[in-house]
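Please open the structure in your viewer and keep the selection tool at hand.

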Amino acid sequence: MYPLADVRFEYRDMELMRPWKVTTMDGSVDLRFQPVYVHAENREEALVRSKFEQPMGLFEGTVTVGGKALQLSNVPGVTKSQSTRGPHRSTL
């Protein structure tokens, strides 16, 4: 395992099948992620609302570890987008 600098995920929330970009502030990670399928669960319970989306797809780009740049191409993986909200009120 190697520690990473802050990671930034760039994607369109309403269009998860579009390519994502995953980078770190220090440039050690520069990846593109192309989703091929999205598993999604949306729940609205009495106390909590939850939206969970997990795209599965392929990564490509570079990861620099210990000073050595590794080239990745068509590496399978997953990403995730999740939001939850606490109690909500209903009106009649």
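With which residue does Asp30 form a salt bridge? The partner is Arg32, and the closest N and O atoms of the two residues are 4.0 Å apart. Please bear in mind throughout that this is a predicted model.

**Stop 1: salt bridges**

Keep Asp30 and Arg32 selected. Asp30 has a relative accessible area of 31% and is therefore partly exposed. Arg32 is also partly exposed, at 37% relative accessibility.

Next, select Arg8 and Glu10. Their side chains meet in a salt bridge, with an N to O distance of 3.7 Å. Glu10 is partly exposed, its relative accessible area being 34%.

Now select Arg12, Glu15 and Arg18, which are linked in a network of salt bridges. Within this group, the side chains of Glu15 and Arg18 meet at 3.9 Å, N to O. Glu15 counts as partly exposed at 36% relative accessibility, and Arg18 counts as partly exposed at 39%. The salt bridges in the model come to seven by count.

**Stop 2: a nonpolar surface patch**

Select Leu4, Val7, Phe9 and Tyr11 and display the surface. These residues form a nonpolar patch there, and together they have about 370 Å² of accessible area. Centre the view on Tyr11, which lies in the loop between β1 (7-10) and β2 (20-24).

**Stop 3: the largest pocket**

Which element gives the most to the lining? That element is β4, with three residues.

Colour the lining by residue class. Ten of the lining residues are nonpolar, four are polar and one is charged. The volume of the largest pocket is about 250 Å³.

Is Ser28 buried or exposed? Ser28 counts as buried because its relative accessibility is 13%, below the 20% cut-off for that class.

**Stop 4: the loop between β3 and β4**

Select Ala46, which lies in the loop between β3 and β4. Ala46 counts as exposed, with a relative accessibility of 67%; the class begins over 50%. Ala46 and Thr79 are 33 residues apart in sequence, and the distance from C-alpha to C-alpha is 28 Å.

**Stop 5**

Select Asn74, which lies in strand β5 (residues 68-78). Display its backbone torsions. Although Asn74 is not a glycine, its phi is positive, at about 55 degrees.

**Stop 6: the segment after β6**

Finally, select Gly86, which is found in the segment after β6 (81-85). Gly86 and Arg49 are 37 residues apart along the chain, and their C-alpha atoms are separated by 6.6 Å.

Notes. Residues numbered from 1 in each chain as written. Predicted model: local features only at pLDDT ≥ 70, side-chain atom pairs only at ≥ 80, totals over all residues. Heavy atoms only, no water. Patch = residues over 30% accessible without salt bridge, like charges linked within 9 Å, V, L, I, M, F, W, Y side chains within 5 Å. Areas by Shrake-Rupley, 256 points an atom, 1.4 Å probe, with all protein chains shown as cover. Helix = DSSP H or I, 4+ residues; strand = E, 2+ residues; numbered from the N terminus. 1 Å grid on protein atoms, 1.4 Å probe; cavity = no way out; pocket = protein on both sides within 12 Å on 5 of 7 lines; lining within 4 Å. Points joined across faces, edges and corners; volume = space filled by probe spheres on them. Nonpolar A, V, L, I, M, F, W, Y, C, P; charged D, E, K, R; others polar. Buried < 20%, exposed > 50% of the residue type's maximum accessible area, 1.4 Å probe, protein only.
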